[in-house]
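User: I'm new to this one and would like to go through it slowly, one question at a time. Could we have the picture up before we start?

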Amino acid sequence: MNDRQPAPFGNFETAFAAATLAEPLVGPVADALKNWDVPGAARSVLYVDTDPARADTAVFCEAYDVAPEASANCVVIAAKRGGETTLAACLALAGTRVDVNTAVRKHLGARKASFAPMETAVAETGMEYGGITPVGLPVGWPLLIDAAVVAAPYVLVGSGRRRGKLILPGRMLAQLPGAQVLEGLAG
């Protein structure tokens, strides 16, 4: 690994420019960074190596000295209407919960919305459960982002695997394909 940089927060041993790495990133994440057409976006993403046994949010935040308001969780939602299912991703700060039953359901025009089954989320994203990230989601998926995430100076998100995380400026998340920033998505 090369291109070491300091992480903007947390007690990580090292951080690397994610776009320069190949090994620790899953295919969809590496491809998304390689093809992100927003100037400077891919270069703003850091990768930090972390223990997969400490990937769950509360344990992770304590182990690596990361405030919940600097960490965001990405969840996959299955929205149903008239026999059709739409998959979408939602991104909210770690200390909050995505309002699936009202905000997400209404925004997607669904009759019913719920967290997608683990098998579906893993198969459709090509990422590990517990490491799903907004970087590299399938083409055409809506990415609903709570406004508080975009307002954060830097945000830690999954890397596509349980090992490792990505850190990037919150504002850059709004530049991801399919991104829609919503007030009140989470609370």
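**Contacts, salt bridges and surface**

User: Leaving aside its neighbours within four places in sequence, which residues is Pro52 in contact with?

Analyst: Contact here means heavy atoms within 4.5 Å. With neighbours within four places in sequence set aside, the partners of Pro52 are Arg162 and Arg163.

User: What kind of model is this, and what pLDDT do local features need?

Analyst: Residues are numbered from 1 along each chain as its sequence is written, and side-chain values use heavy atoms, with hydrogens and water left out. This is a predicted model, where totals for chains, interfaces and linings use all residues, side-chain atom pairs count only at pLDDT 80 or more, and local features need a pLDDT of at least 70.

User: Back to Pro52: where does that residue lie?

Analyst: Helices (H or I, at least four residues) and strands (E, at least two) are DSSP runs, numbered from the N terminus. On that numbering, Pro52 lies in the loop between β3 (46–48) and α2 (57–63).

User: Is Pro52 buried, partly exposed or exposed?

Analyst: The cut-offs are under 20% relative accessible area for buried and over 50% for exposed, with partly exposed in between (1.4 Å probe, protein chains only). Pro52 has 29% relative accessibility, so Pro52 counts as partly exposed.

User: How far apart are the C-alpha atoms of Pro52 and Lys165?

Analyst: Along the chain, Pro52 and Lys165 are 113 residues apart.

User: How many salt bridges does a search of the whole structure find?

Analyst: Side chains of opposite charge can pair when their charged atoms come close. To count as a salt bridge, a side-chain nitrogen of Lys or Arg must be within 4 Å of a carboxyl oxygen of Asp or Glu. The number found in the whole structure is 3.

User: Which side chain meets Arg163 in a salt bridge?

Analyst: The N to O distance in this pair is 2.8 Å, and the partner of Arg163 is Asp49. Arg163 sits in the loop between β8 (155–158) and β9 (165–168), and its partner in the loop between β3 and α2, so the pair ties together parts that are 114 residues apart in sequence. Arg163 is partly exposed at 35%, and at 36% partly exposed is also the label for Asp49.

User: And which residue forms a salt bridge with Asp56?

Analyst: The closest N and O atoms are 3.5 Å apart in the pair of Asp56 and Arg162. Asp56 is in the loop between β3 and α2 and its partner in the loop between β8 and β9, 106 residues apart, which links distant parts of the chain.

User: How far apart are the closest N and O atoms in the salt bridge of Glu128 with Arg161?

Analyst: Glu128 and Arg161 form a salt bridge. Glu128 is in the loop between α4 (118–125) and β7 (143–146) and Arg161 in the loop between β8 and β9, so this pair ties together parts that are 33 residues apart in sequence. Glu128 is partly exposed at 35%, as is Arg161 at 26%. Their closest N and O atoms are apart by 4.0 Å.

User: Which residues make the nonpolar surface patch of about 270 Å²?

Analyst: Patches take residues with over 30% relative accessible area and no salt bridge, joining like charges within 9 Å and nonpolar side chains (Val, Leu, Ile, Met, Phe, Trp, Tyr) within 5 Å. The areas come from the Shrake-Rupley method with a 1.4 Å probe, and for residues only the protein chains shown count as cover. One member, Tyr129, lies in the loop between α4 and β7 and is partly exposed at 47%. The patch is made by Met118, Val122 and Tyr129.

User: Which residues form the positive surface patch?

Analyst: Lys and Arg count as positive and Asp and Glu as negative, while His and the chain ends are not counted. A charge is placed at NZ of Lys, CZ of Arg, CG of Asp or CD of Glu. Arg81, one of the members, lies in strand β4 (residues 72–81) and is exposed at 54% relative accessibility. The patch is formed by Lys80, Arg81, Arg111 and Lys112.

User: What is the phi of Asp65?

Analyst: Asp65 is in the loop between α2 and β4 and is exposed, with a relative accessible area of 56%. Although Asp65 is not a glycine, its phi is positive, at about 55°.
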